Amino acid sequence: MDGHMTPGRRSKVTGLEQAAILARDALQERPELCLGGLFKQGRPVALVRALLAAGGRGLHLYSSPGAGYDVDLMIAAGAVAEVFIPGVTLENRLCPNFRSAVESGQVTAHALDALTVVGGLMAAAHGVPFQPIDALRGSDVLRHNPLLREIDCPFTGRRIHAVGPIRPRVTFLHAQEADRWGNLRHLSTMVYADQLMARASDLVIASVDRIVPDDVILDDPTRVSVPSHYVDAVVEVPFGAHPTASFPHYAMDEEHIDAYADLGDAARAGDGGGLAAYIARHVTGPKGQDDYLAAIGGAARLARLEAQARAR
Amino acid sequence: MSGAVSPLEQMVVVLARDLADGELGAAGAAALVPMAAIMLAREMHAPNLTIGGEMFFNPRPGRLFASMLDDRALGRCEAAETFIELFGHSHHGLDFFFHSGLQHDAFGNINLHHVGGTLHAPGMRGPGAANLSYCHTSTRFYICPTHHSARNFVEKVDFITIPGHLSGPEAKRAAGLVREGPRLVVTPRAVLDFDPVTLRMRLKSVHAGHGAAEVQRHTGFDLAITGEVPQTAPPTDAELRILRERIDTTGALRA
């Protein structure tokens, strides 16, 4: 042989704690954090908890246009300064800590709409200075939306809107599978805005339910939802979206989210003890995902969520 | 059919009857009643109605769900999209969409942002809303809150999240709202529509077991009721049977 050593390709697999430190340090430069998924599905909640445990602070939160539990939890943990998400709700009830923090002025919740957020991510993903929008009329949101400008359409002369690039410093995604190079596979029916966020962001960290062999990716490249080119780090976290869903593997844990919301409502009414204990038990206490899964009820509870995901 | 018609079942049949074959539409955020209405329309008279515009096409849920943004609710669906395609749908519009909010006013404007105070110092902060476009890029929309009281039906909303008819024809024109906007308001008590000249809400019919005076008492603005108000046509036996046996298999509309 000529002595040539074939260089090894670098694996993007890392641990939860290392990923959180990477994110925390990047967010200290610029606090824009974007979360994948939508409402109670495909949310990177294990990464969110790890970031909270690592001491993330003063965050500006972005997401696909609808979020709930994880945003409320980050607010409850005191990590959020501003929210740039059009809809923040648990769907069956309001987000208690979001409400409290906005009503008391502790957190600024901007009035936005889906097209502004998606259009801003599109501009960043596509590398253009703005995205035109021509479908916003008559809403008071237009008088308050900080990301929108009015422009004259250069072709028709009509007044339309424009949104500049939204370029998150860090995006957290959750997918069902990835290989060690960071090629993601969403096996859920919906992929939300995850593909757009991956292309719009500086640093992309994904949690996955499992790392799969290279051949799984190579055998079906059309199934890759986010190519590894857009992904900086990938973490294998079983049940990493809990208490949100990771279809088709497990359903959302509505009981857990409701119990959390009851504690948030109690905190609103002046009794914050339960909420503080919840954060200690689920966020700052667990040494890792195994500890967390034990805290939420262990194997029996997880088997129930898996069964619910199958029952369609 | 055994069992009295529930208020939500009555809402579903009113909405279903107004959806036409061949149309494209979606349920919106509070999906329970709208999705039941869409599915009932497809079973009764609109087999070519396409459910689309919310990142999936033609889902076949085995039961009703409170939210359609749930893979279980999609059951098996024909195709999935993403927020990129939703951007296009929002511009092109649908034939119909559904909305409800914290407050609804006399011109069909809807508030989901705050009650009392201001946006950044709210008395009560609501959830906000994602899609503000379907209300005016779509041919029409329906307002279908599952409560009807003087607290959520107010003369003027504190914040216009979803524009209805604003303050009437002139304001609507000035804002560039060129489509029909809200067509019907369907609640557990009654059906309301809008005066074609002033675009103010008025009482169209009351559901069985409800009266005009009662609806007025639970509405925070004048419904200009004159004379006899008709009763909402109740569900037919066929509508109720299909609704209960094929769509609402778990009785969510009767809970």
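Biologist: Which residues point one way from strand 1 (residues 32-35) of chain A, and which the other way?

Modeller: First, this is a predicted model, where local features need pLDDT of at least 70 and side-chain atom pairs count only at pLDDT 80 or more, while totals for chains, interfaces and linings use all residues. Residues are numbered from 1 along each chain as its sequence is written, with chains lettered from A and ligands numbered from 1 in the order in which they are written. In a regular strand the side chains alternate between the two faces of the sheet. Here A:Glu32 and A:Cys34 point one way, A:Leu33 and A:Leu35 the other way. All are buried (20 or more other C-beta atoms within 10 Å of the residue's own, C-beta atoms being placed from the backbone; 12 or fewer is exposed, in between partly exposed).

Biologist: Which strand do four bridges join to strand 1 of chain A?

Modeller: Strands are DSSP runs of E, at least two residues, and helices runs of H or I, at least four, numbered from the N terminus. Two strands pair if DSSP finds at least two bridges between them. Strand 1 of chain A is joined to strand 2 (residues 59-63) of chain A, and they run parallel. In that strand, A:Leu61 stands opposite A:Leu33. Strand 10 (residues 170-178) of chain A also pairs with strand 1 of chain A in the parallel sense, over three bridges, and there A:Val170 stands opposite A:Leu33.

Biologist: How many residues of chain B are in contact with chain A?

Modeller: Contact means C-beta atoms, placed from the backbone, within 7 Å. By that rule, 45 residues of chain B are in contact with 47 of chain A. Helix 4 (83-92) of chain B supplies the largest share of chain B's side, six residues.

Key:
Two residues are in contact if their C-beta atoms, placed from the backbone, lie within 7 Å.
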